[in-house]
Amino acid sequence: MGRDAATVGDDETVRLTEYTELHGCSCKVGQSDLDSLLADAGLTGDSDALLFGVGEDAAARKLTDELALVSTVDFFTPIVDDPYDFGRVAACNAASDAFATGAVENVDCLVVLGLPRELTDSAAAILAGMADALDAMDGVIAGGHTIMSPWPFAGGAISATARPDALLTSQGASPDDRLYLTKPLGTQPAMGATRVTDEQFVETVTDATDRPLDRIASEAVAWMTTPNRDAALACREYATAATDITGFGLAGQSRVVADRSKVGIELTHLPVIAGTPALSTLFGYGLTDGESAETSGGLFVSVPPTATGPVESALDDAGVFYRAVGRVTDENGVTLDDPTIEEVRR
Amino acid sequence: MPRVDVRGEICPRPALIVRQALSDLDAGETLVVRGDYPPAEENLRRMCTTHGIDVMTAETAVETDEFELELKVTEMASLSEA
């Protein structure tokens, strides 16, 4: 497999996002549709064979008292045009579900890849991107399966391990815990802007923000290709609950944690990629309400108030971006009342 | 009543098309929008609320995901400044 991005990811004529109607996490089945599907299939109960499974970011099986195997699968349609970048985002996004459980060791990825005939030349670059991303997570590509498909998609089945007592779910948040987010939000408006290429609207989108659109997009790609492994390693010792921010957005993932931990969540601060709030307003994406879909977003972790110092030190030491974004309450549901919006530049 | 059809359009184009059509209208006028992608409906509703456009009625056909919105420009509309 080719590993040189300059040679394999350089085909300017290919725009992956033109081959699909729904981009990145927009292709995800909605939360309520998924709940109905699982209920219809009778897949709502916990399995005795697993530590946790359906409803969590990944499944975990206790192999020995010292070792749990975490597995998950995630794939989606292109959110970026460059095949190499798409591979990197797809790998980071897939592995993120394992990292959200605190499983960061022995990371293997089985590639799931589908491409239309016109895009088969992009396969090597997508795989190279995935391989490089896995490399950066101390993981490996262990195999995979590739099919022809009218819509392109890529991702992987990830397995990773951790000590069973180190694992995290969305169920452990307690009132008064503090909430941290380890990447800024805004990937959906950042990438949406890049899809507006026709003369009719380019100026409207360009004029919406004082930052160059390609700068906003390149920062979004940089965040989407940042693995959550270092964040997970730094947080897992202190966190009471964790998930990663994906297609349901910060508010949606907060609702999942609130429901499963039987607590309330109050969001007070939203870090966003600089320039994306204005784009979100233009597109109606709801970024500043936490409703905008994210791709390969950060970890969202709850930490007891006594552990905020140590967890912040650990994240600082690991060089991981983080912001305190709210707290856990003894009420229910998610509140987001005039949060501060912090525009983050890389 | 002016109409726009954003069926088959890919996000974020529906919001841009509707925004442009609305900017041609005066306060009190109504635009009818037909679409076929549920997240686009949410985005259009949000975009309108933010810009002082009333979303008056909606029809949705669950089987086809098609929707129709009536968007009324209010005195508070602020599309030109967006």
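Student: How many disulfides are there over all chains?
Tutor: The count is zero, where a disulfide is a pair of cysteine sulfur atoms within 2.5 Å. This is a predicted model, in which local features need pLDDT of at least 70, side-chain atom pairs count only at pLDDT 80 or more, and totals for chains, interfaces and linings use all residues. Side-chain values use heavy atoms, without hydrogens and water.

Student: Is B:Cys48 buried or exposed?
Tutor: B:Cys48 counts as buried, at 0% relative accessibility. Buried means under 20% relative accessible area, exposed over 50%, and partly exposed in between (1.4 Å probe, protein chains only).

Student: Turning to the largest nonpolar core, which residues have the most contacts inside it?
Tutor: They are A:Val205, B:Val18 and B:Leu22, in a core of 99 residues. A nonpolar core is a set of buried Ala, Val, Leu, Ile, Met, Phe, Trp, Tyr and Cys residues joined through side-chain atoms within 4.5 Å.

Student: Which helix gives the most to this core?
Tutor: Helix α3 of chain A (residues 83-99) does, with nine residues. Helices are DSSP runs (H or I, at least four residues), numbered from the N terminus.

Student: What other core lies apart from it?
Tutor: Another core has 18 residues, including A:Leu179 and A:Phe300.

Key
Residues numbered from 1 in each chain as written. Chains lettered and ligands numbered in written order. Helix = DSSP H or I, 4+ residues; strand = E, 2+ residues; numbered from the N terminus.
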